Amino acid sequence: MSRLPAPIQNLIDEFSRLPGIGPKTAERLTFYLLKNSQDQLNQFADRVKNLQALITVCQNCQNYALKSPCEICSDPSRQKEIICIVSRPVDVVAIEKTGEYKGLYHILGGAINPIEGISPENLKIKQLENRLNSSIGQIKEIIVATNSDMEGETTALYLAKLFKPLNINITRLGRGLPVGADVEYADEVTLAYALKGRRQM
């Protein structure tokens, strides 16, 4: 079998490095791009090239945004007394799609996972502590919306123990989410039930 030209193989290799993209999918994406016009490829390349330059991290919630504070944190209609803690920015997107939650967020940047060397110090927990300590009396509830897998449960228990002395109501998403499921991939109805059925920790 003849080898692919280096530019094609190089792009396949780059796509293969993305999460969830295997060699076959990487090949399909590469050959799809080859069929596009040069203008379309230039637009695609510009969007990739400018991605980090145009995006910042919100100083309050640690979410990706165009400016800091982000659109959600600076929205006067949001319920400032509730903070929903999630692992990743994609979890915010999933919860927002339900239309059920009107509070604020805090993104941890992952979950506690000793096997992979991820400890509480590797997450945005200190920023959350500072945020809560500077808002004593204002925050009435923390919703822990980490995944219901081992890492998510470990993170939830750690946060519940850490923030218990603050006398803030700490809740966990209800079991509308199946065990082992990721918040990112749950449908809107399941997430809506999970938000409504959150429980005391």
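Trainee: What pattern does the chain follow, read along the sequence?
Mentor: The pattern is α-α-α-β-β-β-α-β-α-β-α-β-α-β. That gives seven helices and seven strands. Helices here are DSSP runs of H or I with at least four residues, strands are runs of E with at least two, and both are numbered from the N terminus.

Trainee: What should I keep in mind about where the model comes from?
Mentor: This is a predicted model, in which local features need pLDDT of at least 70 and side-chain atom pairs count only at pLDDT 80 or more, while totals for chains, interfaces and linings use all residues. Residues are numbered from 1 along each chain as its sequence is written, and side-chain values use heavy atoms, with hydrogens and water left out.

Trainee: How confident is the predictor, then, and which elements have the lowest and highest mean pLDDT?
Mentor: pLDDT is the predictor's confidence in each residue, from 0 to 100. The chain has a mean of 92, and 98% of its residues reach 70 or more. Among the elements, strand β7 (residues 199–200) has the lowest mean, 74, and strand β4 (residues 103–107) has the highest, 98.

Trainee: How do you know that the length of helix α2 agrees with what a helix should span?
Mentor: The expected span is 1.5 Å times one less than the number of residues. Helix α2 (residues 23–34) has twelve residues, so it should span 16 Å, and its end C-alpha atoms are 17 Å apart, which agrees.

Trainee: Which residues of α2 are buried?
Mentor: They are Ala26, Thr30 and Leu33. These residues cover an arc of only 60° around the axis, which puts them on the same side of α2. The arc is taken from the directions running from the helix axis to the C-beta atoms. Buried means a relative accessible area under 20%, exposed means over 50%, and partly exposed is in between, using a 1.4 Å probe and protein chains only.

Trainee: Why do residues three or four places apart point the same way in an α-helix?
Mentor: An α-helix has 3.6 residues a turn, so residues at that spacing point the same way.

Trainee: What lies on either side of α2?
Mentor: The buried residues of α2 pack against α1 (6–16) and α3 (38–54). The face turned away from the buried side carries the exposed residues Lys24 and Arg28. Contact means heavy atoms within 4.5 Å.

Trainee: What puts the buried residues of helix α4 on the same side?
Mentor: In α4 (residues 89–98), the buried residues are Asp91, Val92, Ala94, Ile95 and Thr98. They cover an arc of only 165° around the axis, which puts them on the same side of α4. What covers them includes β3 (79–86), β4 and α7. Gly99 follows α4, and its phi is positive, near 75°.

Trainee: Why is Ala192 called buried?
Mentor: Its relative accessible area is 12%, so Ala192 falls under the 20% limit and is buried. Ala192 sits in helix α7 (residues 188–196). Leaving aside neighbours within four places in sequence, Ala192 is in contact with Thr98 and Glu100.

Trainee: And what makes Asn113 buried?
Mentor: Asn113 has a relative accessible area of 10%, which is under 20%, so the word buried applies. Asn113 lies in the loop between β4 and α5. Beyond its neighbours within four places in sequence, Asn113 is in contact with Ile118 and Glu151.

Trainee: Gln62 and Asn167 each have a positive phi although neither is a glycine; which is buried and which is exposed?
Mentor: Gln62, with phi about 70°, lies in the loop between β1 (56–57) and β2. Its relative accessible area is 12%, under 20%, so Gln62 is buried. Asn167, with phi about 55°, is in the loop between α6 and β6 (169–172). Its relative accessible area is 74%, over 50%, so Asn167 is exposed.
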